[in-house]
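Dear colleague,

Please find below the structure that I am handing over to you, followed by an account of what was found in it. I would be grateful if you read the two side by side.

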Amino acid sequence: MKKLTTVLLLFVATAWMNAAAQEKTDTTGVYSEFSAEPYGDILNQKVIVGNDTVSMVLPQRNFGRYDRGLFNFLFIPKGQWTFGLMASYGEFNSEDVQILNAIKDFDFKGKMFSVKPSFGYFIANNQSIGLKFNYSRGEALLGSLAVDIDDDINFSLKDVSYYSNSYSVGVFYRTYVGLSTMKRFGVFNEVDLSFGSGSSRFKRYYDGQLRDTRTNTTSVSLNFSPGLCVFIMDNVSFNVSFGVFGLNVKHEKQKTDNTIDGSRTSSGANFKFNLFNINFGLGVHI
């Protein structure tokens, strides 16, 4: 009986707390600029930008048949400059991993880093254009690798190295959508046209002789990258973007031991979410 009474008291207390919480919750529903203004206070909010008074709700043209009650709130006003920096560094060492018993004498070290500065200017509310730069460098050293599965499948490699570095510059256009009147959270979509150049060097032993293959690359790419922007301070934002779609054209020239092997031009398109193309960075707005 005591256990039943205790359970009933807990149930009543929980129900009372939920009811009290619901009374304190702001039950603001979905509002539309074509409705009868039940949320006129939000739609009529103004903010001072420079010497002007600007509405918090940016005018939007409805291209569809239905009005879904969505608004683009002012997130970053016209006339601001933004400076951003993204950087990444990764390192791999075979001493930190365990390999299957079939792989022996595995000695590998690799690292890669990139720096991506950018700056832009807001030509309109929530819309910016700018330039972005990218420098990346990578290197991999395979000291030794032996694979012994059975008598028919066994081989070994040693003294293999690979180096690469690349530069690129691009023009981008980014449009934001503010998610509330607080100007704290926003989503964006970025379109950039980039031109790049790079080189790589691949050294390995073949038939007891060292072969040195060098490749020079030039490329043009068009990329679409949606993302999220969060202001962690009044003038500092944290950004994360995802590469989901892109077109590219690449031209390569290759030579081995100072003898030209040939060249090729290739093109491609990427229509999928790329886990290796997630960028994190900070932005400063003035």
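Is Asp 192 buried or exposed? Asp 192 counts as buried, because its relative accessibility is 4% (buried means under 20% relative accessible area, exposed over 50%, and partly exposed in between, with a 1.4 Å probe and protein chains only).

Before I continue, two notes on the basis of these values. This is a predicted model, in which local features need pLDDT of at least 70 and side-chain atom pairs count only at pLDDT 80 or more, while totals for chains, interfaces and linings use all residues. Residues are numbered from 1 along each chain as its sequence is written, and side-chain values use heavy atoms, with hydrogens and water left out.

Surroundings of Asp 192

Asp 192 belongs to strand E9 (residues 185–206); strands (E, at least two residues) are DSSP runs, numbered from the N terminus. Its side chain makes a polar contact of 2.8 Å with that of Ser 194 (a pair of N or O atoms within 3.5 Å; within protein, one must be able to donate a hydrogen and the other to accept it, and residues adjacent in sequence count only if both atoms are side-chain atoms). Neighbours within four places in sequence aside, Asp 192 is in contact (heavy atoms within 4.5 Å) with Lys 132, Val 171, Phe 172, Ser 221, Leu 222 and Asn 223.

Strand pairing

Strands E7 (residues 127–148) and E8 (residues 154–178) run antiparallel and are joined by 21 bridges; two strands pair if DSSP finds at least two bridges between them. Asp 148 has Asn 154 in E8 as its bridge partner. E8 and E9 are also antiparallel, with 18 bridges, and Val 169 stands opposite Phe 195 in E9. The hairpin of E8 and E9 has 6 residues between the strands, and Lys 183 takes a positive phi near 55° there.

Core and aromatic residues

The largest nonpolar core has 7 residues: Phe 75, Ile 76, Phe 122, Tyr 176, Phe 188, Cys 229 and Phe 231. Such a core is a set of buried Ala, Val, Leu, Ile, Met, Phe, Trp, Tyr and Cys residues joined through side-chain atoms within 4.5 Å. Apart from it lies another core of 5 residues, including Val 54, Met 56, Leu 58 and Leu 74. Phe 75, Phe 122, Tyr 176, Phe 188 and Phe 231 also form one aromatic cluster. The charged end of Arg 174 sits over the ring of Phe 188, 4.0 Å from its centre (NZ of Lys or CZ of Arg within 6 Å of the ring centre and within 35 degrees of the ring normal).

A search of the whole structure finds 10 aromatic pairs. Rings of Phe, Tyr and Trp (its six-membered ring) pair if their centres lie within 6.5 Å; planes under 30 degrees apart count as stacked, over 60 as edge-to-face and the rest as tilted. One of these is the tilted pair of Trp 81 and Tyr 121, at 4.9 Å centre to centre and 50° between the planes. Trp 81 lies in strand E5 (residues 81–93) and Tyr 121 in strand E6 (residues 103–124), so the pair ties together parts 40 residues apart in sequence.

Backbone

Asn 126, although not a glycine, has a positive phi of about 65°. This residue is found in the loop between E6 and E7, and Asn 126 is buried, at a relative accessible area of 0%.

Yours sincerely

How values were computed
Helix = DSSP H or I, 4+ residues; strand = E, 2+ residues; numbered from the N terminus.
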